[in-house]
Amino acid sequence: MVTAADCGEGTRFDAVVAGAGLVGLATAVALARAGLAVATVDRANPADVTNSADDWDRRIYAVSPGSARFLSAIGAWQALACERIAAVESMWIAGDAGATLEFSAYDAGERALAWIVEERSLKSALREAAFAAGVVLREGVSCERIAWSDADAVLTLGDGNDLAARLVVGADGLHSWVRSASGFDAKPRSREQLGVVANFATALAHRGRASQWFRDDGSVLAWLPLPGSRISIVWSAPAALARELTALSPEELAGRVGDAGGNVLGALTPLGGAAAFPLHSLHVPSPVARRLALVGDAAHGVHPLAGQGVNLGFGDAEALADVLAERGPVADCGEALLLERYARRRAEPVLAMQTMIEGLGHLFGNRSRTVRALRNAGMSAIDRLPIVKNALARAAMH
Ligand SMILES: Cc1cc2nc3c(=O)[nH]c(=O)nc-3n(C[C@H](O)[C@H](O)[C@H](O)COP(=O)(O)OP(=O)(O)OC[C@H]3O[C@@H](n4cnc5c(N)ncnc54)[C@H](O)[C@@H]3O)c2cc1C
């Protein structure tokens, strides 16, 4: 095996990870800590992390306790500044006809239902963990060509350099170049919706409570606690509504967001402007092919309403690293039987999450009055069944 120390251009790696987003970086670190020589390539250059008290990243993630444990095991969670992380201690959900449902971390026997973390801080922590684990990072350069032989795969970069590896990991997001270049048919399907994100200071304390409204205009609004009296919102809205929201001034948007949430945290003050991200779904029948494994959004796209996309990706990273660490006498980490083992390990959790999220989307997207009454009755019924409720909360957390 090539050791990370002597890896340079032209060296053969055990694994090359294409894409150094959160999932690609986590995969690279986990594989390197499992003893593999790993290189990672990303077309973007890393962003500066400022972390000043009034500058909060609009891209935030609800990281599940299961993912937090994995990030801790690979040495990234510890590098996050604890004053930039908020615990979601309870989650309150409102249906579109008066029903409500509340989950509590205390009832589920956990410290938090999820942890709210800024993307740039988590990425920076993962980059540090990658350097510490000896991952070779190539940033600001695209993957442009891929070729396979019996013994390895060769990735050609935009600067003309080649990286050869036993295994290529496609972690290059929803519109994955690696996935298309490897002959997968699957393509992301637009939901004709955008996720509008923005941060606000609140007049009243949120007390670690996240709130989510399934609204009768077909949109879903989530308020997520940030440290102090601040929240971050994700408003998943049909394209026309999303365009209307992003055209508002920050102050007008604050008023609109406050009204939509019944002003439960008093007046909102904008912390910067809003941004919008198109929402897609993606189903890939199998995340593996010859000397190739897909992870993260390259392998599956889910609606952000359950805040589970990156958590599914961290699950992929952990499973792939575990399979390769436990490969025993199989020297070649791109061996088909190992990749099939990874695919089998991820099939059930990914399908279960996709089915649950798609199901919720269809249920709340249906405009029939009968379906509306039924879904709200179902929510109220679950709210009165603590055993079912806590089982649901635990499934989402792990
Ligand atoms: C509004 C919104 C809110 C969300 N909130 C949550 C949440 O709270 N919790 C949660 O779990 N999930 C959430 N998600 C989902 C989450 O954002 C994604 O699941 C996650 O970012 C996927 O990470 P990734 O690393 O797989 O892909 P990406 O973040 O897309 O990273 C892909 C990387 O690959 C690089 N790349 C692409 N092409 C190439 C190429 N040809 N060569 C080299 N590099 C390349 C890109 O530069 C990028 O760095 C949310 C999504 C949206 C839209």
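**Questions about a predicted model**

Modeller: In this predicted model, helix α8 (residues 336-365) has 30 residues and spans 41 Å from its first C-alpha to its last, close to the 44 Å expected at 1.5 Å a residue.

Colleague: How do you know where α8 bends, and by how much?

Modeller: The bend is the angle between axes fitted to the seven residues ending at a position and the seven starting there. At Ala347 in α8 that angle is about 35°. A proline, Pro349, follows within four residues.

Colleague: What makes Leu338 of α8 count as buried?

Modeller: The term requires 20 or more other C-beta atoms within 10 Å of the residue's own. Leu338 is in the buried group of α8, together with Leu339, Tyr342, Ala343, Arg346, Val350, Met353, Gly361 and Phe364. The buried residues of α8 pack against elements including β13 (209-214), α7 and α9 (369-383).

Colleague: Why is Gly255 called partly exposed?

Modeller: Gly255 has 15 other C-beta atoms within 10 Å. Buried needs 20 or more and exposed needs 12 or fewer, so a count of 15 falls in between and Gly255 is partly exposed. Gly255 lies in helix α6 (residues 250-260).

Colleague: How far is Gly255 from Leu292, in sequence and in space?

Modeller: They are 37 residues apart in sequence and 48 Å apart in space, C-alpha to C-alpha.

Colleague: Into which domains is the chain divided?

Modeller: Domain 1 covers 4-48 + 122-188 + 281-362, and domain 2 covers 60-118 + 191-279 + 366-397. Their C-alpha centres lie 28 Å apart.

Colleague: How many residues of each domain are in contact with the other?

Modeller: Contact calls for C-beta atoms within 7 Å. By that test, 21 residues of domain 1 are in contact with 23 residues of domain 2. On the domain 1 side, α1, α3 (119-132) and α7 each supply at least two residues, and α3 has the largest share, with six. That side has 13 nonpolar, five polar and three charged residues.

Notes. Residues are numbered from 1 along each chain as its sequence is written. This is a predicted model: local features need pLDDT of at least 70, side-chain atom pairs count only at pLDDT 80 or more; totals for chains, interfaces and linings use all residues. Domain bounds come from an automatic or database domain assignment. Two residues are in contact if their C-beta atoms, placed from the backbone, lie within 7 Å. Ala, Val, Leu, Ile, Met, Phe, Trp, Tyr, Cys and Pro count as nonpolar, Asp, Glu, Lys and Arg as charged, and the others, Gly among them, as polar. The expected span of a helix is 1.5 Å times one less than its number of residues.
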